[in-house]
Amino acid sequence: MTGLPGATVVIGAGAAGIIAAGHAARHGPVTLLERTRDGGRKILISGGGRCNVLPSELSPALYITASSPNIVRNIFRSWPLDAQRQFFERDLGIPLKLEPESGKLFPVSDKARQVRDGLLAWAAGQGARVEFDRTVVGLDRPPGSGWRVALGGGEALDADKVIIATGGLSVPQTGSDGTGLRLLRALGHTIHDTYPALTPLTLDPPVYAGLAGLSLDVTIRSGEGRGAFVTTGGFLFTHRGYSGPAVLNASHLVVRARLARQVPPPLEVQWTPLDASAWGRELAGGTAHIGSVLKRHLPERLTLMLLGGSAIDPGSPLSQLRREERERVIRALTRWPLPVTSDEGYKKAEVTGGGVALDEIVPRTMESRSHRGLFICGEALDCFGPIGGYNFAWAWVTGRAAGIAAGSG
């Protein structure tokens with residue numbers, strides 16, 4: 001058994017864990033345990049190896065949780081987006097740049113490794129001891145003492161405080177295996193059903209495989225009125241179905257319904273920025289062929305697919321279209337039903353949906369309401385945001401809050 005008086009053990013050297021360890025180490029001894037040989041592997045693969053550090057704007061209302069959205073808002077109040085950006089640029093010396101077309105913030109170097117290595121160096125500089133290839137197999141609190149962290153090989157660490165920052169189940173090749181969720185469930189915490197979120201969707205049989213590789217910006221809608229879900233972004237046809245930010249952002253609607261053995265809500269695609277009224281004006285009449293008009297706005301393969309699905313000859317002059325034919329085309333352009341049969345699961349999911357119920361932690365400190373000295377941050381919590389740096393923002397803000405509270409409490 002090893003440990004130091006006042007020590008904090010942080011389990012998981014991902015985005016949330018590294019931030020937590022660095023902030024906690026300002027106030028006392030910290031050991032950061034990581035099961036892989038280098039840590040921060042999701043940081044390394046983020047943004048195609050560029051690392052989308054933050055969004056340029058942040059609205060807590062965009063986050064998905066089965067817990068209270070008010071708790072999400074309260075958590076984000078502790079570290080505003082501007083302050084998060086200042087941390088990376090001032091404290092870590094990693095200048096960020098805005099990608100205007102996506103609203104994402106990347107390191108100027110376009111190198112995710114700079115972010116991962118910079119975070120680890122910063123945490124070590126604050127005094128955190130980082131130990132790689134360390135597998136946590138158990139966590140308990142013996143009567144009258146602090147926490148005991150059981151490690152593989154029969155070793156154990158004693159600590160006054162423990163921060164669980166182990167992530168969830170997504171992208172298992174990065175080291176995510178659900179350890180933290182198992183530990184927390186064993187301690188009695190409520191774990192809202194977990195599921196792969198921000199994951200590509202599939203269609204069997206893959207009737208659109210001939211469009212594989214075709215990409216464009218679209219809007220996907222599900223539902224009507226105030227409860228409608230709407231997301232706009234990139235869309236990519238794959239050999240198995242669909243991917244791209246818009247698809248990933250909508251995927252939880254399908255995944256949750258399938259896991260609950262319910263009929264998934266219909267997804268409808270608007271293929272261009274033009275709405276039904278704008279397309280009505282575009283197709284009002286004239287001698288131009290409808291196929292040539294659509295090709296001004298859409299790739300040829302998609303144009304032919306949409307017109308074929310609408311039973312319209314691409315060579316038909318606009319002036320010869322009957323009213324119901326024009327309405328059929330407009331509906332195909334603005335409310336095309338997107339058939340889905342399944343998803344790519346955790347293997348390709350960006351994050352884990354579900355997790356520890358947010359009402360079981362204190363929003364200001366991320367401390368467990370039922371276990372004093374236990375803090376939870378990052379993906380293990382029941383909250384995730386859309387593509388675009390939102391999930392890193394969640395990791396940074398919850399990790400910081402947990403680290404500060406554990407270190408100074």
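## A guided tour of the predicted model

Begin by selecting residues Ala15, Ala16, Gly17, Ile18, Ile19, Ala20, Ala21, Gly22, His23 and Ala24, the buried residues of helix α1. Buried denotes under 20% relative accessible area, exposed over 50%, and partly exposed in between, with a 1.4 Å probe and protein chains only. Helix α1 spans residues 15–24 and is mostly covered, with 10 of its 10 residues buried. Helices (H or I, at least four residues) and strands (E, at least two) are DSSP runs numbered from the N terminus.

The model is predicted, so local features require pLDDT of at least 70 and side-chain atom pairs count only at pLDDT 80 or more, whereas totals for chains, interfaces and linings use all residues. Residues are numbered from 1 along each chain as its sequence is written, and side-chain values use heavy atoms, with hydrogens and water left out.

Next, select strand β5, residues 104–107. Both of its faces are covered: Lys104 and Phe106 lie on one side, Leu105 and Pro107 on the other, and all are buried.

**Helices α4 and α5**

Now display helix α4 (residues 81–91) together with helix α5 (residues 112–126), whose axes come within 11 Å and cross at roughly 80 degrees. Axes are lines fitted to C-alpha atoms, for helices over the stretch in contact, and angles run from 0 to 180 degrees between N-to-C directions. The two helices α4 and α5 are therefore roughly perpendicular to each other; the classes are roughly parallel under 35 degrees, roughly antiparallel over 145, roughly perpendicular from 65 to 115, and oblique for the rest. To view the contact (heavy atoms within 4.5 Å), select Phe87, Phe88 and Asp91 in α4, which meet Val115, Leu119 and Trp122 in α5. The residues of this contact divide into 5 nonpolar, no polar and 1 charged.

Move to Pro317, in the loop between α10 (300–309) and α11 (323–334). Pro317 counts as buried at 17% relative accessibility. Leaving aside residues up to four places away in sequence, Pro317 touches Gly286, Thr287, Ala288 and His289. Its C-alpha atom is separated by 5.9 Å from that of Ile290, 27 residues apart along the chain.

From there, proceed to Glu325 in helix α11. Glu325 is buried, with a relative accessible area of 13%, and touches Ile312 and Gln320, again not counting residues up to four places away in sequence.

**Cysteines**

Finally, select Cys51 and Cys377. Cys51 is buried, with a relative accessible area of 0%, and Cys377 counts as buried at 0% relative accessibility. A search of the whole structure finds 0 disulfides, a disulfide being a pair of cysteine sulfur atoms within 2.5 Å.

Key: Ala, Val, Leu, Ile, Met, Phe, Trp, Tyr, Cys and Pro count as nonpolar, Asp, Glu, Lys and Arg as charged, and the others, Gly among them, as polar.
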